[in-house]
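Q: Please take me through one part of this structure slowly. I would like to see how the inside of one chain is packed, and what surrounds it.

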Amino acid sequence: MKKTIIIIGAGIAGMEAATFLGSMEHNVILLEKDQEPGGHLKNWQKLFPTLRYGKEILSFLQEGIKIAKVDLKCNAIINNITKNNNTFIVNYSHQQQEINIEADAILVTTGYDTFDATKKEEYGYGIYDNVITSADLEKIFTTGKPIITAKGDPPKKIGFVHCVGSRDEKVGHVYCSKVCCVTGVKQAIEIKELLPQCDVFCFYMDMRMYGMHFEAMYKKAQEEYGVTFIRGRVSEACENIDGSILIKVEDTLAARPLKMSVDLLVLLIGFVPSEGSKMVGNMLGLQTGVNGFYKTADQHALTNISNVPGVFFAGACTSPKTITNTITDARAAASTIARYLENNPIFQRKLT
Amino acid sequence: MSNFFGYQIHNDRQINFDNNDLYIIKYVDSLEPTLKTCISCGTCTATCTATQFTNFNLRKLITMLRRGENNIKEEINKCMLCGKCSLVCPRGVNTRNVILAIKKTINYFNL
Amino acid sequence: MKEEGKRKIWREYQKEIADDKYYYARSCIRQTFFPGSEAAFINILKKELNKDIFDSAQHTTCTGIAYHADVVPFETTMTVIARQFALMTEAGYENYVPSCITSFGLYTEVLETWKEFPEVEAKVREHLFKATKREFKKPANLAHASDVIFKHRHEITAKAKYKLINVKTGKPLRGVEHIGCHYAKMFPHKGVGGAEYPYVLAGMIQEWGGEVIDYPERRHCCGFGFRQYLVKANRGYSIACSKKKFEAMEPYKPDFILTNCPGCPMFFDRWQYAISEMEGKTYGENGQGIPVLTYEELAGLVLGYDPWILGLQVHQTPVEPLLDKMGIDYNPNAKFLGPNNEYLNKPIAPNFLKFY
């Protein structure tokens, strides 16, 4: 039987879940606050570990929602959501109109925000000109512009700082953001391809190369590109008189403090719960876990189910995820929602 | 340094990477390229015969060379060339050949 | 460098500083190293700013040096500090202004301890009463003396006779600012501007026309500590810390160093002499070294006080280059004259550091 499902957030998870639910002949309305779908995927040029173009995945996802006849509404702002017995009334503004839709289920795919690096005062982001984030660097990659220091020269040394805004009591985000280590290795390789004469240094606490082919990428970065990995967390960054950045770190494996000047310092920023998640969470009464991301009904087997019956999750709004995991999670959410909507007994399984 | 105040100015222990010359490690890398994939895990040092009874530490020595701290001439002679380190390296670094390469490098640069 | 980025952080670390009616607690050692500073502070507040400032003849050390040198236990320190508060209460004040930065850090630490552990505060009250029959109220506002000058910096500008501008070139004078470790490193929210980019001294320099230098070792400790410095054989460690800072600031060619702690200016001033004798190396132009000032001395110079009344003649690193750059009218011949114009004798000239 055809049901109406509203999906909030047209990022990777929202789009793929919409595609799968649409392909099951349900009426899917996909709401997006930006003027285009794709979320953060639009900001990544090449994806780890294969270094394939992110826009290929974006096209794949867009083709899906077209084939599945998903009703995508961009520039849509949700005003409020009210529960009405077994359904939800979603009130949103779109093209200067206010619209009410009654939905049988809601899928929340509000994703993540990147960590605001100005909060790590000791790294001087927003103060020293040659300190940038991994997101800033990726943007430079997408524009195809040359990588230059603030003064306009090609950098001879670039440093990457791991764990910025993650695994850090001081900024209130104690969890690991999962994808930053491999992003650092990816961007290090990309820099060496663009600027072979540039020396690249990565300052890490641990190298979290958990995924398939990640370890090979790490080895390749050392073997073929000569990237130097120094185990030690950067304590402070200062500006030299010529504008280059002086960093202080303990070379833990040498058991001695080390200082080094780099022309550009790239901060590998982590994921934090998004503002969109907070807003929708308040409207629907969704519980969050200890790290601020949405709490799922069970961490092993019910990761798409929320504390509100009829409201489901997919993607990074429940925890940091890779693009691969997000797509898988979205399809799982679609299947779960479909079983819920037909009152299938497999949906009645409980876990304590 | 003069000691007439009753104390001497302490030396700076900080590795000043900007001022260090990496010529030794670069030459060693050229003689044994697998060394570039070393991740300083310490498995070599854990099994090393010399480490059990002297302060010889291959992991530390290679890390120091990579930072440009080049005073390794005396240290490298403590290795017995038993080859145990090569058996256990997870990255497949030919560590025994690294030792021989370091000795060759010392001769090459007349250290 | 984006100044706006720093301003954003400064705005996050604002602190309450009382406007008037200050109870001033002097420093143990400050008056030995920089004899004119505390007198200058009291004069500036009383005469220039018409503030009510009181210092008690009965107050003692806060035991900061002894506590940090592990000679006095924390319980004793808390009780001595309680007595200081009792004196403040008895004199009818509630805004406590310590002159020493370590004191400030220690008072903050004690007040935070009492806030988190009220039973400890109750015990201290009991101890104080048993020992001295005194009772106290906690200060309504605790601010360091440099915070007070910072708060009134605009009023000082209004009465300024000189600016921090090089009269020959017309360019702003460039200053290195150095806050004492105990100011903000323990409790960043108790310091103006926080711990990473403190603003209390930078604000003064900028307000009075100068330019602040940010250099790589800006955050580094000067090496004073207490426990290592008190033992002569350990001073090599202390002097090495200051030397690291001098080496880092040298390329920026600072015109002066501004500090707000008793120990830090003592170190920066004296170590330049010690390093010059031990290694023959001087910083600054032509072997002159980099002049070191406390914030009261700088405020005093800006207001037109006589450098010799401010006590600048006892600085080992000569301050004359800065006085000349500012265009201050002073009498070089009066440098070693006492209050009745008697000649007090010149010190022996150092071997490398220029001496006036």
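A: Start with a rule: two residues are in contact if their C-beta atoms, placed from the backbone, lie within 7 Å. The model is predicted. Now look at Leu30(A). Leaving aside residues up to four places away in sequence, Leu30(A) touches Ile7(A), Ala10(A), Gly14(A), Ala18(A), Ile65(A), Val70(A), Asp71(A), Leu72(A) and Lys73(A).

Next, step back to the core. The largest nonpolar core has 123 residues. Leu30(A) is among the members that touch the most others, along with Ile7(A), Ala17(A), Leu107(A), Leu265(A) and Leu267(A). At least three residues of this core come from domain 1 (4-111 + 274-348) of chain A, and at least three from domain 2 (115-271). In soluble globular proteins, nonpolar side chains tend to be buried together.

Now follow helix H7 of chain A, residues 323-341. H7(A) has 19 residues. From first C-alpha to last, H7(A) reaches 27 Å, close to the 27 Å expected at 1.5 Å a residue. Its buried residues are Thr326(A), Ile327(A), Asp329(A), Ala330(A), Ala333(A), Ala334(A), Thr336(A), Ile337(A) and Leu341(A). What covers them? The cover includes strand E1 (4-8), helix H1 (12-23), strand E9 (105-108) and strand E20 (311-313) of chain A. Ile7(A), a contact of Leu30(A), falls within the range of E1. Just after H7(A) comes Asn343(A), with a positive phi of about 55°.

Conventions:
Residues are numbered from 1 along each chain as its sequence is written. Chains are lettered from A and ligands numbered from 1 in the order in which they are written. This is a predicted model: local features need pLDDT of at least 70, side-chain atom pairs count only at pLDDT 80 or more; totals for chains, interfaces and linings use all residues. A nonpolar core is a set of buried Ala, Val, Leu, Ile, Met, Phe, Trp, Tyr and Cys residues joined through C-beta atoms within 7 Å. A residue is buried if 20 or more other C-beta atoms lie within 10 Å of its own, exposed if 12 or fewer, and partly exposed in between; C-beta atoms are placed from the backbone. Domain bounds come from an automatic or database domain assignment. Helices (H or I, at least four residues) and strands (E, at least two) are DSSP runs, numbered from the N terminus. The expected span of a helix is 1.5 Å times one less than its number of residues.
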